[in-house]
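Visitor: I'm new to reading protein models. Could you walk me through one?
Guide: Gladly; let's look together.

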Amino acid sequence: MKLYTFDAAPNPRRVNLFIAYKGIEIPTQQINLREGEQLGAAFRAINPRCIVPALQMDDGSVLCDGIAICWYLESLYPQRPLLGVGALQQAQVLSWDHLIFADAFVPAAEMLRNRSSAFKDRAVPGPGPVAQIPELEARGRQRLRLFWQYLDEQLKGREFVVGNTLTLADIDAFVVIDFAGWSKEQVPESCAHVHLWSARVKARLSGP
Ligand SMILES: N[C@@H](CCC(=O)N[C@@H](CS)C(=O)NCC(=O)O)C(=O)O
């Protein structure tokens, strides 16, 4: 098994934090997104979607999408579960992961990729081409502001996003806060629950 990653990028970071928390060792190979290595023939032969993270099995099959990779690894390595325990909690983690991806990662990516000339004709990850739509920067910011409020509501009276135990939903929401910061979009001070929770998640991820 080998994980193709680019550690500085947000989607690989979700998976890397998941792996580190579980204490799993998986060989990795960096694909330099800044230099466009994901679009080159060598990586395209492994993952025609030209995105990371991508997990390649020993039989050559490849899984991409962070959630699928984490789902697969959780089945192989059930220690320190991060995808919920029991049917209801598992479904809640999946539901939050879907929400965080659609309503926070996508807007954060849209803000970045529709503004910077570095992403000309590459407004969407993958082989493209996809033209930029500058208006999506403002819309992304608007959507993230709704998301911060929603997350803050969820965290009222809770230690973590789902129940009182760390899950992938916490990792994902934690990572998207930094990602939004790349476009100078910060969680407002008024979202006090998010700030307290974020410090808690940071401590859990850096602890034993
Ligand atoms: N749906 C994928 C998204 C993966 C993704 O967008 N990865 C970005 C890095 S954060 C990428 O590979 N970008 C390649 C590019 O910009 O061409 C997931 O959940 O992992």
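Visitor: Which residues come nearest to the ligand?
Guide: A residue is near a molecule if one of its heavy atoms lies within 4 Å of it. Of the 18 residues around this ligand, Gln38, Val52, Asp65, Arg113 and Arg122 come nearest. Before we go on: this is a predicted model, where local features need pLDDT of at least 70, side-chain atom pairs count only at pLDDT 80 or more, and totals for chains, interfaces and linings use all residues. Residues are numbered from 1 along each chain as its sequence is written, and side-chain values use heavy atoms, with hydrogens and water left out.

Visitor: How does the shell around the ligand divide into nonpolar, polar and charged residues?
Guide: Ala, Val, Leu, Ile, Met, Phe, Trp, Tyr, Cys and Pro count as nonpolar, Asp, Glu, Lys and Arg as charged, and the others, Gly among them, as polar. Here the shell has 10 nonpolar, 4 polar and 4 charged residues.

Visitor: Which helix gives the largest share of the shell?
Guide: Helices are DSSP runs (H or I, at least four residues), and strands are runs of E of at least two, numbered from the N terminus. Helix H1 gives the largest share, 4 residues. H1 (10-22) and H4 (87-113) each supply at least two residues.

Visitor: Why does the ligand lie between domain 1 and domain 2?
Guide: Domain bounds come from an automatic or database domain assignment. Domain 1 (2-76) and domain 2 (87-206) both give residues to the shell, so the ligand lies between them.

Visitor: What lies 2.9 Å from an oxygen atom of the ligand?
Guide: For a polar contact, look for a pair of N or O atoms within 3.5 Å. A backbone N or O atom of Gly66 is at that 2.9 Å distance from a ligand oxygen. Taken alone, the ligand exposes 510 Å², of which the protein buries 91%; such accessible areas come from the Shrake-Rupley method with a 1.4 Å probe.

Visitor: Where is Asp65 in the chain?
Guide: Asp65 sits in the loop between strand S4 (62-64) and helix H3 (66-76). Its phi is near 85°, a positive value in a residue other than glycine.

Visitor: What kind of peptide bond joins Val52 and Pro53?
Guide: A cis bond, with omega about 5°.

Methods: Polar contact = N/O pair within 3.5 Å; in protein donor to acceptor, adjacent residues only side chain to side chain.
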